[in-house]
Amino acid sequence: MGAESRISELSLTLPPAPKPVATYLTAVRYGDLLYVSGHGPLNSDGTLHKGKVGAEVGLEGGRLAARQVGLAILSTLRANLGSLDKVARLIKVLGLVNCTAEFADQPMVINGFSDLMVDVFGDAGKGARSAVGTNSLPGNITVEIEAIFQVKD
């Protein structure tokens, strides 16, 4: 079953593909790799999940924000490739969690993204990954994630 079929089967609603908010591209293809810029937790209505994990946002809220970033990245993939079925595999993920100094479960937060990628792409949705905490993210968003995908024509 392809990724597009899985999206339907899972009844996922993708937000509109985000547009750059500064001087950059949301994705750049180089050969068979698609480098996806950092994305925030964009909802379908254009709002963003905001807040610091460990303060006003709990672990589950952070995980849901990371999942929402995944949906936004899927929208960018589809906009750039025409179909999610052109994704061969996820190569690398960098997940940034806006969190308090005491919060230490960044990998559990970024699992919200990673679990979604496995749901959509199967084993090809597992890649190398870093999950780190930071004291701030643009606009006070909860999570920012960038990724590299191998793609096919």
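View 1. Serine 11 is exposed, with a relative accessible area of 60%. (Exposed means over 50% relative accessible area, buried under 20%, and partly exposed in between, with a 1.4 Å probe and protein chains only.) The model is predicted: local features need pLDDT of at least 70, side-chain atom pairs count only at pLDDT 80 or more, and totals for chains, interfaces and linings use all residues. Residues are numbered from 1 along each chain as its sequence is written, and side-chain values use heavy atoms, with hydrogens and water left out. Serine 11 sits in the loop between helix H1 (3-9) and strand S1 (27-30). (Helices, H or I of at least four residues, and strands, E of at least two, are DSSP runs numbered from the N terminus.) The phi of serine 11 is near 55 degrees, a positive value in a residue other than glycine.

**View 2. Asparagine 140, in the loop between S4 and S5.** Strand S4 covers 128-134 and strand S5 covers 143-151. Asparagine 140 has a positive phi of about 65 degrees, although it is not a glycine. Its relative accessible area is 35%, so asparagine 140 is partly exposed.

**View 3. The salt bridge between arginine 78 and glutamate 4.** Side chains of opposite charge can pair when their charged atoms come close. A search of the whole structure finds three salt bridges. (A salt bridge is a side-chain nitrogen of Lys or Arg within 4 Å of a carboxyl oxygen of Asp or Glu.) In this view, the side chains of arginine 78 and glutamate 4 meet at 2.6 Å, N to O. The pair links distant parts of the chain: arginine 78 is in helix H2, glutamate 4 is in helix H1, and they are 74 residues apart. Arginine 78 is partly exposed at 31% relative accessible area. Glutamate 4 is buried, because its value is 19%.

**View 4. The salt bridge between arginine 29 and aspartate 153.** The closest N and O atoms of the two side chains are 3.1 Å apart. Arginine 29 lies in strand S1 and aspartate 153 in the segment after S5, so the pair ties together parts that are 124 residues apart in sequence. Arginine 29 counts as partly exposed, at 37% relative accessibility. Aspartate 153 is exposed, with a relative accessible area of 80%.

**View 5. The salt bridge between glutamate 60 and arginine 63.** Here the N to O distance is 2.8 Å. Glutamate 60 and arginine 63 are separated by about one helical turn, because they are three residues apart in helix H2. Glutamate 60 is partly exposed at 44% relative accessible area. Arginine 63 also counts as partly exposed, at 25% relative accessibility.

**View 6. Threonine 76, a buried residue of helix H2.** Helix H2 spans residues 59-81 and includes threonine 76. Threonine 76 has a relative accessible area of 1%, so it is buried. Not counting residues up to four places away in sequence, threonine 76 touches Ala17, Pro18, Thr26, Ala27, Val36 and His39. (Contact means heavy atoms within 4.5 Å.)

**View 7. Glycine 54 and phenylalanine 103.** Glycine 54 is in the loop between S2 and H2. Glycine 54 counts as partly exposed, at 47% relative accessibility. The C-alpha atoms of glycine 54 and phenylalanine 103 are separated by 5.6 Å, although the two residues are 49 apart along the chain. Not counting residues up to four places away in sequence, glycine 54 touches Thr100 and Phe103.

**View 8. A nonpolar patch on the surface.** Leu25, Val28, Tyr30 and Tyr35 form the patch, with about 450 Å² of accessible area together. (Patches are made of residues with over 30% relative accessible area and no salt bridge; like charges are joined within 9 Å, nonpolar side chains (Val, Leu, Ile, Met, Phe, Trp, Tyr) within 5 Å. Accessible areas come from the Shrake-Rupley method with a 1.4 Å probe; for residues, only the protein chains shown count as cover.) Tyrosine 35 is found in strand S2, residues 33-39. Tyrosine 35 is partly exposed, with a relative accessible area of 36%.

**View 9. The largest pocket.** About 390 Å³ of space lies in the largest pocket. Of the 16 residues that line the largest pocket, Val21, Tyr24, Gly38, His39 and Gly40 are the closest to its centre. Strand S2 gives the largest share of the lining, three residues. (On a 1 Å grid over the protein atoms alone, a pocket is an open set of points where a 1.4 Å probe fits, with protein on both sides within 12 Å along at least five of seven lines; lining residues have an atom within 4 Å of a point. Grid points are joined across faces, edges and corners, and a volume is the space filled by probe spheres set on the points.)
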